[in-house]
Amino acid sequence: MLAMAAARLGYQTVVLEPQADCPAAQVANRQIVAAYDDPAALDELARSCAVVTYEFENVPVAAAGHLAQSVAVYPPARALEVAQDRLAEKSFLNDIGIATAQFLPIENDSELAAGLQAFGGSGILKTRRMGYDGKGQRVFRNVASGGFDGACASLGNVPLILESFVEFEREMSVIAARGTDGSLAVYDPAENVHRSGILHSSTVPAAISALTADAARKAARKILSALDYVGVIGIEFFVLPDGALIANEMAPRVHNSGHWTEAACVVSQFEQHIRAVAGLSLGDANRHSDCVMENLIGDDIARVPALLAEPDVAVHLYGKAEARPGRKMGHFTRIARRG
Ligand code: AMP
């Protein structure tokens with residue numbers, strides 16, 4: 001989607017990705033098939049490009065650092081570093097005055113037992129790194145003391161974080177961008193529904209008050225400025241029954257909950273990101289239509305013929321060869337026409 005947006009602005013793209021003929025390579029000018037940390041491949045990428053960006057927050061920070069020695073890399077390495085570790089991420093958010101769930105680093109089952117006790121018997125244990133779509137998580141609800149033996153091992157004996165359980169009313173996210181000149185553009189908050197830890201749908205406008213929407217926009221601006229960020233960021237929040245916001249996580253990239261911008265805004269999050277990293281003026285982030293974006297996951301791909309026959313539906317398929325359970329195959333956005 002970034003490569004397509006870049007092409008519309010007259011740019012050519014080179015994709016570095018270990019899987020040959022990956023979805024991005026199908027619409028880019030060239031693919032370098034190599035691991036993200038292959039030094040020769042990174043040097044070739046740097047030689048071929050005026051600017052490098054990423055659309056996956058688990059690319060190694062060292063690879064971004066290596067590239068940055070010879071070519072502009074956006075978003076900055078610090079954003080990648082912070083977003084890759086849930087502990088660093090929550091500490092950063094709290095440091096700049098943005099509320100998160102309570103959290104504790106966890107190394108073993110006895111620390112887990114103590115942490116759960118501190119959080120009233122409920123919490124979510126997550127891997128600090130490499131988690132996405134609800135992977136690497138265990139939920140504990142109203143557990144009495146004991147009975148956690150093996151919980152840390154079941155997540156692979158990697159560094160973990162325990163978060164207090166947030167009794168939220170809804171989930172929402174904000175997509176925002178910052179240009180090389182420090183200018184900001186913030187899209188309307190989307191209300192998100194997750195199923196089995198995977199984003200199911202994003203609805204805009206979200207059913208939140210103007211005050212809550214403003215608070216989310218303000219938090220987004222604060223995060224972008226604090227990181228001296230360039231590019232698009234996605235920030236996920238929980239909304240409490242009183243409208244207060246708890247930040248859950250941030251992704252230093254275009255975000256699934258912003259795919260709706262492709263169909264409901266003049267300038268999508270993808271074009272916005274390309275504009276930002278290319279040093280162009282940011283575009284208008286206003287929405288021209290209300291909409292609902294829904295992911296097509298696994299066998300949902302069978303819905304495509306019916307969706308194509310519907311009016312006011314924009315379908316986007318990713319060109320993945322095989323539909324597997326839980327695999328995002330594409331998405332569609334249904335536009336609500338005005339008047
Ligand atoms: P994450 O991988 O952190 O985005 O978590 C995936 C989903 O799990 C979130 O979208 C929420 O639905 C739920 N979740 C994560 N953390 C918490 C929490 N601390 N309290 C309640 N629900 C959570």
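A salt bridge here is a side-chain nitrogen of Lys or Arg within 4 Å of a carboxyl oxygen of Asp or Glu. This is a predicted model, in which local features need pLDDT of at least 70 and side-chain atom pairs count only at pLDDT 80 or more, while totals for chains, interfaces and linings use all residues. Residues are numbered from 1 along each chain as its sequence is written, and side-chain values use heavy atoms, with hydrogens and water left out.

**View 1. Arginine 303 and glutamate 294 meet in a salt bridge.** Their closest N and O atoms are 2.9 Å apart. Glutamate 294 is buried at 14% relative accessible area, whereas arginine 303 is partly exposed at 33%. (Buried means under 20%, exposed over 50%, and partly exposed in between, with a 1.4 Å probe and protein chains only.)

View 2. Arginine 86 is buried, at 6% relative accessible area; glutamate 249 is partly exposed, at 23%. Helices (H or I, at least four residues) and strands (E, at least two) are DSSP runs, numbered from the N terminus.

**View 3. Strand E13 pairs with both E9 and E14.** Take a look at E13 (residues 231–239): nine of its nine residues are buried. Strand E9 (residues 170–178) runs antiparallel to E13 over nine bridges, with isoleucine 175 opposite glycine 234. Six bridges join E13 to E14 (residues 245–251), again in the antiparallel sense, and here phenylalanine 237 has alanine 247 as its bridge partner. Two strands count as paired if DSSP finds at least two bridges between them. E13 and E14 form a hairpin with five residues between them, and glycine 243 in the turn has a positive phi of about 90 degrees.

**View 4. Glutamate 191 and arginine 170 join strands E11 and E9.** The N to O distance in this salt bridge is 2.8 Å. Glutamate 191, in E11 (residues 190–195), is 21 residues from arginine 170 in E9, and glutamate 191 is buried at 16% relative accessible area.

**View 5. Cysteine 291 is buried, with a relative accessible area of 3%.** A disulfide is a pair of cysteine sulfur atoms within 2.5 Å, and the whole structure holds zero of them.
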